[in-house]
Amino acid sequence: SPSGSHQTLKVYDVLGNEVTTLVDEYKPAGTYEVDFNAVGLSSGIYFYKLQSASFVETKKMIYLK
């Protein structure tokens, strides 16, 4: 059964530089929404990486002002 774990959700630019950390905490199993404040970011392609104890996924997003 799913259980909680420490989770991180980070955003990176195309060069691999970390832009921000949106989540860095223990969370019980479940579904969550996270607000992303993009003030100060340029339009372009970014990547977000979700990581927990046994799972990691990186996805691409496009930010347009």
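Q: Is Ala38 buried or exposed?
A: Ala38 is buried, with a relative accessible area of 11%. Buried means under 20% relative accessible area, partly exposed lies in between, and exposed is over 50% (1.4 Å probe, protein chains only).

Q: What kind of model is this?
A: The model is predicted: local features need pLDDT of at least 70 and side-chain atom pairs 80 or more, while totals for chains, interfaces and linings use all residues. Residues are numbered from 1 along each chain as its sequence is written, and side-chain values use heavy atoms, without hydrogens or water.

Q: Okay, back to Ala38. Where does it lie?
A: Ala38 is in the loop between S2 and S3. Strands are DSSP runs of E with at least two residues, helices are runs of H or I with at least four, and numbering starts at the N terminus.

Q: And how far is Ala38 from Leu64?
A: In sequence, Ala38 and Leu64 are 26 residues apart. In space, their C-alpha atoms are 10.0 Å apart.

Q: Let's zoom out. How many helices and strands does the chain have?
A: There are four strands and zero helices in the chain. Reading from the N terminus, the order of elements is β-β-β-β.

Q: What box do the C-alpha atoms fill?
A: Taken along the principal axes, the box is roughly 40 × 20 × 15 Å.

Q: How much of the chain is buried?
A: Of the 65 residues in the chain, 18% are buried.

Q: In what order do the strands sit in the sheet?
A: The four strands make an open sheet in the order S2-S1-S3-S4, and the pairing is antiparallel. Strands count as paired if DSSP finds at least two bridges between them.

Q: Which ones are the edge strands?
A: Those are S2 and S4, the latter covering residues 55-63, and each of them pairs on one side only.

Q: What about S1? Why is it described as enclosed?
A: Seven of the nine residues of S1 are buried, so S1 is largely enclosed by the rest of the structure.

Q: Which residues does Ser5 touch?
A: Leaving aside residues up to four places away in sequence, Ser5 touches Glu25, Tyr26, Lys27, Ser52 and Ala53. Touching here is contact, meaning heavy atoms within 4.5 Å.

Q: Let's go through the strand pairs. How many bridges do S1 and S2 have?
A: S1 and S2 pair over eight bridges in the antiparallel sense. Tyr12 stands opposite Glu18 in S2, and Lys10 has Thr21 of S2 as its bridge partner.

Q: What happens in the hairpin of S1 and S2?
A: That hairpin has four residues between its strands, and Gly16 takes a positive phi near 90° there.

Q: How many bridges do S1 and S3 have?
A: S1 and S3 are joined by six bridges, again antiparallel. Leu9 has Leu50 of S3 as its bridge partner, and Asp13 stands opposite Tyr46 in S3.

Q: And S3 with S4? How many bridges are there?
A: Nine bridges link S3 and S4 in the antiparallel sense, and Gln51 stands opposite Val56 in S4. S3 and S4 also form a hairpin, with two residues between the strands.

Q: New topic: pockets. How many residues line the largest pocket?
A: The largest pocket has 19 lining residues, and Gln7, Leu9, Tyr32, Val34 and Leu50 lie nearest its centre. The elements that give two or more residues to this lining are S1 (5-13), S2 (18-27) and S3 (44-52).

Q: Which strand gives the largest share?
A: S1 does, with four residues of the lining.

Q: And what counts as a pocket?
A: On a 1 Å grid over the protein atoms alone, a pocket is an open set of points where a 1.4 Å probe fits, with protein on both sides within 12 Å along at least five of seven lines; lining residues have an atom within 4 Å of a point.
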